[in-house]
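Reader: I have a model open and want to go through it with you. Can we start with how its parts meet?

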Amino acid sequence: MKNKIAFIGAGKMATAIVKGLIRDNVYSPDSILCTCGNDSTGTLLANETGITFTDTIEPYLKNINILVLACKPQQIGQIDLTSFQDNDITADLTIISILAGTTIDRLRMYFKNSKYIIRTMPNTPGQIGFGSTAFASSVDLDKKTLSHLENILGSLGSIYQVKESEMDAITALSGSGPAYVFEFISALSQGGISVGLDPIIAKKLAIETIIGSAKLLEESGHESEDLRDAVTSKGGTTEVALKVLGSGGFKNLVIEAIQKAKDHSLKLSKS
Ligand SMILES: NC(=O)c1ccc[n+]([C@@H]2O[C@H](COP(=O)([O-])OP(=O)(O)OC[C@H]3O[C@@H](n4cnc5c(N)ncnc54)[C@H](OP(=O)(O)O)[C@@H]3O)[C@@H](O)[C@H]2O)c1
């Protein structure tokens, strides 16, 4: 019976998905397989979670209905995927790719027979179930596949169905976004230390300020500009700080960073 999910790659993102699938009872460990490259990520993941590690997925093909591509984009070309190209057994195999910048057309070269090839862009908070994952398919998904996909990607956090043409923009915002937030937290912490705070307290305050503000924004239903203005009294300290950020072009700089990241993602997906 075809009821197993297999992962090509067992690194950070694969580990996040596997742990989420087991935690949310979407798959039991004995229904999950993984393979890896030359390091020991596959055996480590198998030892940690109870899933099966295999050198090659080929012998299991007749039992697998979902294949997750979770290696680095440049590694996919190094894997022997011949059996996935010519084998009728792969016609009802759904491919879920998390490879950044790898188009569905490109993946179609490796998986000619597969009806569904789904391109996704998760982000690292998915490791703790607080991720945002966008997914795109070039064909309409049937109800069963869509619901199954939602369960799989839902184990990482929120999910959004988008057009494939939006993937580069999504990569620039939520895919790379955690790095921007970490950079901002680092700046907040260093700012706190520079005005005399203990480094541990400064780091905690920086993290909690980000989490608390984001939760307040989400739960209040207000716009971020309204909540910003609510903290900014005329002649107060916040106003002074915001003026410094404004004169340094903070907001425009973030917008420009996202635009450049999108352009770069587009360039990578064409190379
Ligand atoms: N990290 C992010 O923020 C993020 C966000 C969105 C999407 N992505 C995408 O997620 C994918 C994985 O990223 P990651 O951060 O999880 O990378 P990673 O931790 O470096 O994991 C890469 C995995 O691929 C395996 N691998 C290498 N060569 C292989 C081969 N020939 N056959 C099978 N497996 C092979 C590696 O195995 P060994 O190391 O054991 O050799 C490792 O398990 C990437 O395509 C990336 O674009 C990442």
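**Domains and contacts**

Author: This is a predicted model. Eight residues of domain 1 are in contact with six residues of domain 2.

Reader: What classes of residue are on the side of domain 1 that touches domain 2?

Author: That side has three nonpolar, five polar and no charged residues.

Reader: Where are the domain bounds?

Author: The domain assignment puts domain 1 at 4–164 and domain 2 at 175–270. Their centres, taken over C-alpha atoms, are separated by 33 Å.

Reader: And the chain overall, what box do the C-alpha atoms fill?

Author: Roughly 70 × 35 × 35 Å, along the principal axes. The secondary structure comes to eleven helices and eight strands. Of the 271 residues in the chain, 29% are buried.

Reader: What share of the contacts with a separation of 6 or more comes from residues 24 or more positions apart?

Author: Such pairs account for 62% of those contacts.

Reader: Ligand next. How many residues surround the ligand, and which are the closest?

Author: There are 30 residues around the ligand, and the closest are Gly9, Gly11, Gly37, Asp39 and Ala100. By class, the shell has 14 nonpolar, 13 polar and three charged residues.

Reader: Which helices each supply at least two residues of that shell?

Author: α1, residues 12–23, and α2, residues 41–49. The largest share comes from α1, with three residues.

Reader: Let's stay on α1. Is that helix mostly covered or mostly open?

Author: Mostly covered: nine of the twelve residues of α1 are buried. They are Met13, Ala14, Thr15, Ala16, Ile17, Val18, Lys19, Gly20 and Leu21.

Reader: What covers them?

Author: The cover for the buried residues of α1 includes strands β1 (4–8), β2 (32–35) and β4 (64–69), along with helices α2 and α5 (143–154).

Reader: What span should the twelve residues of α1 have?

Author: At 1.5 Å a residue α1 should span 16 Å, and its end C-alpha atoms are 16 Å apart, so the two values agree.

Reader: What follows α1?

Author: Asn25 follows, in the loop between α1 and β2. Asn25 has a positive phi of about 55° although it is not a glycine.

Reader: Buried or exposed, that Asn25?

Author: Asn25 counts as exposed because it has 9 C-beta neighbours inside 10 Å, and the cut-off for exposed is 12 or fewer.

Reader: What about α7, what does the same span check give?

Author: Helix α7 covers residues 177–194, and its 18 residues should span 26 Å at 1.5 Å a residue. Its end C-alpha atoms are 26 Å apart, so that agrees. α7 is followed by Gly196, whose phi is positive, near 105°.

Reader: Now the core. How many residues are in the largest nonpolar core?

Author: That core has 47 residues. Those with the most contacts inside it are Phe7, Ala14, Cys34, Val68, Leu69, Ala70 and Ile95. α1 gives the most to this core, with six residues.

Reader: What does Phe7 touch?

Author: Leaving out residues up to four places away in sequence, Phe7 touches Ala14, Val18, Cys34, Val68 and Ala70.

Reader: Where is Ile5, and what does Ile5 touch?

Author: Ile5 is in strand β1. With residues up to four places away in sequence left out, Ile5 touches Tyr27, Ser31, Ile32, Ile66 and Val68.

Reader: Why is Ile5 called buried?

Author: Because 23 other C-beta atoms lie within 10 Å of Ile5, and 20 or more is the cut-off for buried.

Reader: Last one, Lys262. Which helix is that in?

Author: Lys262 is in α11, residues 250–270. Lys262 is partly exposed, with 19 other C-beta atoms within 10 Å.

Reader: What does Lys262 touch?

Author: Asp168, Ala169 and Ala172, again not counting residues up to four places away in sequence. Lys262 and Met167 are 8.8 Å apart, C-alpha to C-alpha, and 95 residues apart in sequence.

Methods
Residues are numbered from 1 along each chain as its sequence is written. This is a predicted model: local features need pLDDT of at least 70, side-chain atom pairs count only at pLDDT 80 or more; totals for chains, interfaces and linings use all residues. A residue is near a molecule or strand if its C-beta atom, placed from the backbone, lies within 6 Å of it. Helices (H or I, at least four residues) and strands (E, at least two) are DSSP runs, numbered from the N terminus. Ala, Val, Leu, Ile, Met, Phe, Trp, Tyr, Cys and Pro count as nonpolar, Asp, Glu, Lys and Arg as charged, and the others, Gly among them, as polar. A nonpolar core is a set of buried Ala, Val, Leu, Ile, Met, Phe, Trp, Tyr and Cys residues joined through C-beta atoms within 7 Å. Two residues are in contact if their C-beta atoms, placed from the backbone, lie within 7 Å. The expected span of a helix is 1.5 Å times one less than its number of residues. Domain bounds come from an automatic or database domain assignment.
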